[in-house]
Amino acid sequence: MINVLLTNSGRRDYFVDYLNEIKFSKIRIFCTDTNKNVPTISKKKIFKYFITKEALKFPKVYKKQIKNIVNKYKIDLVIPLSDYDLKILADLKDEKKNGKNKSFFLVSDKKIIDICISKKKSFIFLNENNFFSPNIYKSVKEIKKFPVVIKEDYGNGSKNLKIITNKNELPNKISSKMIIQEHIQGKEYNIDILNNFRRKFVSCSSKLKLIMRAGETDRCKIVANKKLFDFSIQLSKCLKHIGNLDVDVIIRRRKIFIIDVNPRFGGGYPFTHVSGLNYISYIISLLNNKKPKIKNYNDYELFMNKGISVYAQK
């Protein structure tokens, strides 16, 4: 029996289904969220659901709550489904290294997490390692060309994102929590890049975005693109993350610009999973000390749609 904890599970109820699909190992699923009305709480095959404090507002309390759950229920694998608690889980991971409980936290090192979730730190890191990313302006005076994008440095999804089309639309003052970024236009892709527990590249899935809603992809096309495949290997080796890396890129004039990097499973993963690349099964196999393999795409194109599942609960 493997006990798996999904933190901040929210509306990602499909993760519960993916875990239940695994046949080679018995899995008991635990979930947490700050809201008792989220979709995952309605799933029948969850063993136990916990309501926690918000990780960002009450980090010490949240850390204690997760620690108690992990210890009491002997959790084997912790999978975060949002950015909110990544640093806290990384701290718990470091504490568990010397403890009796050998729970595995599917999170990267704290330094890597900080690079990924801060747009400013991502920009510096990517440029130092010869990746393209939209320029970040230090002040309004530097802007010579429009449109530009204003968004949160530690933003999530499309929250508080604004596209500024001319000088008159610029605010008088920009908060230190916000950034002004060059607006890149071109073909948008989402890429899932899977590394093993030793931070080595395993697989990637590239998706051309066709329809977006609230910062997530509703329709895409799975593509086999050698340039994106080679790019994924390069980023994997450079960043050395653990587990899945959710990356948004734009290709403009044959250059790949990195827009966002999330060191976790993102909203585009269902497309990867349904297309045949089962990263969840791979991770559970690693946990069982097996040596699983994943076939990468050779010549593959598939249109994928993500809708809304509706089900009743008594």
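Colleague: Which residues does Asp-114 touch, not counting residues up to four places away in sequence?
Modeller: First, this is a predicted model: local features need pLDDT of at least 70, side-chain atom pairs count only at pLDDT 80 or more, and totals for chains, interfaces and linings use all residues. Residues are numbered from 1 along each chain as its sequence is written, and side-chain values use heavy atoms, leaving out hydrogens and water. With contact meaning heavy atoms within 4.5 Å, Asp-114 touches Lys-87, Lys-121 and Tyr-154.

Colleague: Does Asp-114 count as buried or exposed?
Modeller: Asp-114 lies in helix α4 (helices, H or I of at least four residues, and strands, E of at least two, are DSSP runs numbered from the N terminus). Buried means under 20% relative accessible area, exposed over 50%, partly exposed in between (1.4 Å probe, protein chains only). Because its relative accessibility is 15%, Asp-114 counts as buried.

Colleague: Which side chain does Asp-114 join in a polar contact, and at what distance?
Modeller: A polar contact is a pair of N or O atoms within 3.5 Å; within protein, one must be able to donate a hydrogen and the other to accept it, and residues adjacent in sequence count only if both atoms are side-chain atoms. Asp-114's side chain makes one with that of Lys-121, at 2.3 Å.

Colleague: What is the order of the strands in the sheet?
Modeller: Strands pair if DSSP finds at least two bridges between them. β1 (residues 2-7) and β2 (residues 27-33) pair in the parallel sense over five bridges. The edges are β3 (46-51) and β5 (104-105). The open sheet runs β3-β2-β1-β4-β5.
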